[in-house]
Amino acid sequence: MSEKPNKPVKEPTGAAPDENKLIAERRRKLAELREGGQAYPNDFRVDTLAAELRANYEDQSDEALEAVEQSFTLAGRMLAKRVMGKIAFVRVEDHSGPIQFVVQRDNLPEGDYARFKHWDVGDIIGGRGRVFRTNKGELSLRVDELKLLSKALRPLPEKWHGLTDTEMRYRQRYVDLIVNEPARAVFRTRSRIISYIRAFMEAPGREFLEVETPMMHPIPGGATARPFVTHHNALDIDMYLRVAPELYLKRLIVGGLGRVYEINRNFRNEGVSTRHNPEFTMLEFYWAYADYNDLMSLTEQMLSGLTLELTGGTRVIYQDEELDFGGPYERLSVEDAVRRHAPELADADLWDETTLRTACADRSIHTEKTWGPGRLLMELFEEVAEPHLTGPVFITEYPTEVSPLSRRNDDDPRITDRFELFIAGREIANGFSELNDPEDQAERFRAQVESKDAGDLEAMHYDADYVRALEYGMPPTAGEGVGIDRLVMLFTDSPSIRDVLLFPYLRPEA
């Protein structure tokens with residue numbers, strides 16, 4: 001390799017090498033390694049990382065580097081190699097980043113340099129040596145010990161093309177992570193976001209308790225969504241992968257835990273798109289003696305603090321659009337959002353069923369005869385308003401008809417004390433003052449069962465044990481779910497949810 005590893009490489013002329021021939025040649029080399037002894041040794045130990053070497057020595061003078069007598073051992077994947085007679089320049093990358101090995105024949109034991117020349121890009125190697133700076137100014141490791149640790153049988157994508165096929169990137173994420181630094185950066189950011197959220201929730205003054213609730217439920221509940229069904233052989237009963245942890249977390253509020261949260265997977269047997277994956281990660285939390293206004297304030301604090309942590313400011317560019325997370329965020333009712341984005345309905349009665357059905361028909365929105373004004377209003381909102389909610393904006397006052405677990409508004413029983421947070425046209429969070437009246441909850445469960453019997457595959461089941469829990473008394477409570485995947489999309493400027501999932505759902509390979 002050159003001493004400037006990022007120097008553009010000219011594409012060679014002629015056809016690309018036959019991958020099958022390359023694999024066959026590498027298998028031949030592996031067979032020779034097996035004959036010579038251990039082909040995949042596990043006795044090499046590292047004592048430093050590439051990033052640590054750069055942090056400690058990058059800015060030191062040549063004279064200072066010459067005075068460093070310590071030897072360092074590193075290991076990583078060989079991503080580039082340039083042999084120039086008795087010296088070779090090798091780019092090695094561990095999980096912290098790249099470093100250059102300078103390999104000289106006369107610095108290695110007899111025969112090691114000859115063997116090294118037969119190693120391939122993609123192999124995992126280890127080296128020991130002292131730091132120095134090359135004539136071209138690159139911090140490097142002059143190795144006096146070199147070892148092949150793992151033979152790569154498949155060649156990496158040619159570096160002048162990279163791994164650009166989108167489906168291949170998702171399907172072979174392990175290759176994507178090897179060759180695409182931006183992909184690695186996305187998942188480092190994802191980890192930082194989740195770590196920040198945990199620290200935020202548990203900070204003094206908030207002190208939410210992290211808990212774990214079941215992933216398999218005897219009754220699906222907590223959201224209006226179609227579940228995945230499985231079967232428990234020993235008990236001989238059908239089980240459901242959870243669509244939400246809500247009803248279990250609220251049982252913990254009944255039990256007196258007060259403030260609880262969970263970051264874990266939910267599963268919904270629905271379509272796949274740039275915004276949806278059948279399994280996804282949620283933050284869900286419940287707060288006794290709080291209401292939905294408290295949740296909105298807490299969410300503003302969390303997102304503004306997260307933005308500051310990640311960017312040093314309050315603004316984020318997402319798909320060429322600037323978003324300001326500094327707050328306060330606008331708060332707008334469902335009705336007002338429809339009126340704003342459909343001015344022709346500004347003076348209409350948005351609770352009149354005939355008016356709503358006409359407005360939906362005019363826009364070719366599918367409706368069902370069993371839907372009441374609340375469901376029709378939501379269908380209209382999703383069509384005319386939702387795509388235009390750049391935000392961040394809290395949409396409030398959701399119809400009771402589509403909010404089976406939310407507390408009714410004290411002044412208007414048609415709506416609930418519920419909000420959804422929209423950013424860049426996408427729902428990021430959903431929260432509400434919880435329904436803690438067991439008789440009201442039982443009535444709403446019965447309405448959901450009627451909808452299910454009428455053919456609504458997303459309607460909820462009747463959960464008698466949850467009603468029983470409420471009958472023991474649940475304090476006034478507020479709860480919220482935040483979509484982690486969509487949040488990561490915003491902070492990594494990723495257009496598709498698949499870009500922020502290490503292993504997104506794909507159809508099986510043929």
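User: How many cavities of 30 Å³ or more does a search of the whole structure find?

Analyst: The search finds one. A cavity here is a set of points on a 1 Å grid over the protein atoms alone where a 1.4 Å probe fits but cannot get out. Grid points are joined across faces, edges and corners, and the volume is the space filled by probe spheres set on the points. Please note that this is a predicted model, in which local features need pLDDT of at least 70 and side-chain atom pairs count only at pLDDT 80 or more, while totals for chains, interfaces and linings use all residues. Residues are numbered from 1 along each chain as its sequence is written, and side-chain values use heavy atoms, with hydrogens and water left out.

User: What volume does the largest cavity have, and which residues line it?

Analyst: Its volume is about 40 Å³. The lining, meaning residues with an atom within 4 Å of a point, includes Pro220, Gly221, Ala223, Ala225 and Pro227. Lys452, Glu458, Ala459, Met460 and His461 also line the largest cavity.

User: Which strands hold Glu420 and Glu427?

Analyst: Glu420 lies in strand S16, residues 418–423, and Glu427 lies in strand S17, residues 426–433. Strands are DSSP runs (E, at least two residues), as are helices (H or I, at least four), and both are numbered from the N terminus.

User: Is Glu420 buried or exposed?

Analyst: Glu420 is buried, with a relative accessible area of 8%. Buried means under 20% relative accessible area, exposed means over 50%, and partly exposed lies in between (1.4 Å probe, protein chains only). Glu427, at 29%, is partly exposed.

User: What is Glu420 in contact with?

Analyst: Contact means heavy atoms within 4.5 Å. Leaving aside neighbours within four places in sequence, Glu420 is in contact with Val393, Phe394, Ile395, Tyr398, Glu427, Ala429 and Asn430. The side chains of Glu420 and Tyr398 are joined by a polar contact of 2.6 Å. A polar contact is a pair of N or O atoms within 3.5 Å; within protein, one must be able to donate a hydrogen and the other to accept it, and residues adjacent in sequence count only if both atoms are side-chain atoms.

User: And which residues does Glu427 touch, by that contact rule?

Analyst: With neighbours within four places in sequence again left aside, Glu427 is in contact with Glu420, Leu421, Phe422 and Arg486.

User: How many bridges join S16 to S17?

Analyst: Six bridges join S16 to S17, and the two strands run antiparallel. Two strands pair if DSSP finds at least two bridges between them. Phe419 has Gly431 in S17 as its bridge partner. The hairpin of S16 and S17 has two residues between the strands, and Ala424 there takes a positive phi near 55 degrees.

User: What else does S17 pair with?

Analyst: S17 also pairs with strand S18, residues 477–483, in the antiparallel sense over five bridges. Ser433 stands opposite Ala478 in S18. S17 is mostly covered, with six of its eight residues buried.

User: Changing topic: what is the strand order in the open sheet of three strands?

Analyst: The order is S7-S9-S8, with antiparallel pairing. Strand S7 (216–217) and strand S8 (229–232) each have a single partner strand, so one side of each is left without a neighbour in the sheet. S7 and strand S9 (residues 237–241) pair over two bridges, and Met216 has Leu241 in S9 as its bridge partner.

User: Where is Thr213, and which side chains does its own side chain make polar contacts with?

Analyst: Thr213 lies in the loop between strand S6 (209–210) and S7 and is buried, at 10% relative accessible area. Its side chain makes polar contacts with the side chains of Arg242 (2.9 Å) and Glu262 (2.6 Å).

Terms used:
1 Å grid on protein atoms, 1.4 Å probe; cavity = no way out; pocket = protein on both sides within 12 Å on 5 of 7 lines; lining within 4 Å.
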